[in-house]
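Consider the single chain shown here.

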Amino acid sequence: MNKISIIGAGMTGATAAHWLAERELADLVLVDVVEGMPQGKALDMAEAMPIIGKDVEIVGTNDYAATKNSDIIIITAGIARKPGMSRDDLLKTNADIVGKAATETLKYSPDAIFIVLTNPLDTMAYLTMRMTKLPRERVIGQAGVLDSARMRAFVAMESGVSVENIQCYVLGGHGDKMVPLTRQSNIAGISLKDYLPADKLEAIVNRTRKGGGEIVNLLKTGSAYYAPSAACAQMAEAILKDKHLIVPCAAHMEGEYGLKDMFFGVPVQLGRKGIERIIEYKLDADEKAALDKSAASVKETHDALKNLVTL
Ligand SMILES: NC(=O)c1ccc[n+]([C@@H]2O[C@H](COP(=O)([O-])OP(=O)(O)OC[C@H]3O[C@@H](n4cnc5c(N)ncnc54)[C@H](O)[C@@H]3O)[C@@H](O)[C@H]2O)c1
């Protein structure tokens, strides 16, 4: 059995464990600083396994030693965004938490692939790669699967077509300047630009960009966790099953899209080694300008991190 350790057993981490257990993909370890909480959630979930008929071992702990020999480490530890709080406000606190989670888990699982969720996402993934010194194949940020799924859901609501027929590609940083690509996104092969009236499409693009905030405002405390954790489970499955699945994820840029030394949301192919390939779309001038704007904003947060932490 494969092994996945999830650092941070809060809303996103525990729900990721739930989706992963449903898929019977791997034994699971939940790590958190709060005493008793990961143990309680893990035991509760383990007691559900006979009901859903899945042979998955689920352990909750406050000790990183239990993560030994994990194939995948998922980092969701951190502080969640509160109403009115930007993702970038979270920078300092979460940098300390994520830095420790990454270096501690690497000691016990030197061959693991890291999936990072903690916000500000692109910068926390960058921090993870710098602190672990892993090759870019093995550090992946979750943002694009979620942002694209939100757009797919909104297109389905508008068009009345099955979500299975709808493919959307949201690139760029995981923030309000993300870039939902309307030309490449499609319903059964028909570009959204041809399928939906311009005003409806624009409303979908705007709602996608503000998708995280919409949920924060509704929940009042905490942020979205069902869809983010489902996104995470899909990425882990693509890796462990060596699916060669192409999905938008945050990856370390080494010249792609004209970007370097930063994490950014682009279409990547995921397989057993992690990132197998980065796909470069041929963008038109407007799309390129939107991506550059998003990249500038991500770069700003990376620079802010470099002022706070020695990498
Ligand atoms: N990338 C994305 O798409 C995405 C989506 C949802 C949430 N997030 C981010 O993920 C993070 C977690 O969100 P959440 O809703 O699960 O929050 P949450 O508060 O429910 O859970 C966070 C957990 O981290 C734990 N934690 C704090 N410090 C820790 C440490 N040093 N070691 C281990 N665990 C520690 C907390 O005790 C808590 O249980 C936030 O930063 C949030 O913004 C990102």
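The description begins with conventions and then turns to the chain as a whole.

This is a predicted model, in which local features need pLDDT of at least 70 and side-chain atom pairs count only at pLDDT 80 or more, while totals for chains, interfaces and linings use all residues. Residues are numbered from 1 along each chain as its sequence is written, and side-chain values use heavy atoms, with hydrogens and water left out.

The chain has 10 helices and 12 strands; these are DSSP runs numbered from the N terminus, helices being H or I of at least four residues and strands E of at least two. Its radius of gyration is 19 Å, close to the 19 Å that the globule rule gives for 311 residues, so the chain is as compact as a globular protein of that length. That radius is taken over C-alpha atoms, and the rule is 2.2 Å times the number of residues to the power 0.38. Along the principal axes, the C-alpha atoms fill a box of roughly 50 × 45 × 40 Å.

The accessible surface comes to about 13700 Å², with 52% belonging to carbon and sulfur atoms; the areas come from the Shrake-Rupley method with a 1.4 Å probe, and for residues only the protein chains shown count as cover. Of the 311 residues, 53% are buried, where buried means under 20% relative accessible area, exposed over 50%, and partly exposed in between (1.4 Å probe, protein chains only). Among contacts (heavy atoms within 4.5 Å) with a separation of 6 or more, 70% are between residues 24 or more positions apart.

In soluble globular proteins, nonpolar side chains tend to be buried together. Here the largest nonpolar core has 51 residues, of which Ile-4, Leu-20, Ile-74, Ile-115, Phe-264 and Leu-270 touch the most other members. Helix 9 (residues 226-240) gives this core its largest share, eight residues. Another core, of 29 residues, lies apart from it and includes Ile-7, Ile-73, Ala-77 and Ala-143. A core of this kind is a set of buried Ala, Val, Leu, Ile, Met, Phe, Trp, Tyr and Cys residues joined through side-chain atoms within 4.5 Å.

Leaving out residues up to four places away in sequence, Ile-74 touches Ile-4, Ser-5, Ile-6, Ile-7, Leu-20, Ile-115, Leu-117 and Cys-232. Thr-105, in helix 3 (residues 91-108), is buried with a relative accessible area of 0%.

The loop between helix 1 (11-22) and strand 2 (26-31) holds Leu-25, which is buried at 7% relative accessible area. Beyond four places in sequence, Leu-25 touches residues including Met-1, Leu-20, Ala-233, Ala-236 and Leu-240. Glu-24 is found in that loop too, but counts as partly exposed at 33% relative accessibility.

Most residues other than glycine have a negative phi, and most peptide bonds are trans. Glu-24 has a positive phi, near 50°. Asp-261, in strand 11 (residues 260-271), also has a positive phi, near 55°, and is partly exposed at 28% relative accessibility. The peptide bond joining Asn-119 and Pro-120 is cis, with omega about 0°; Pro-120 lies in the loop between strand 5 (113-116) and helix 4 (121-132).
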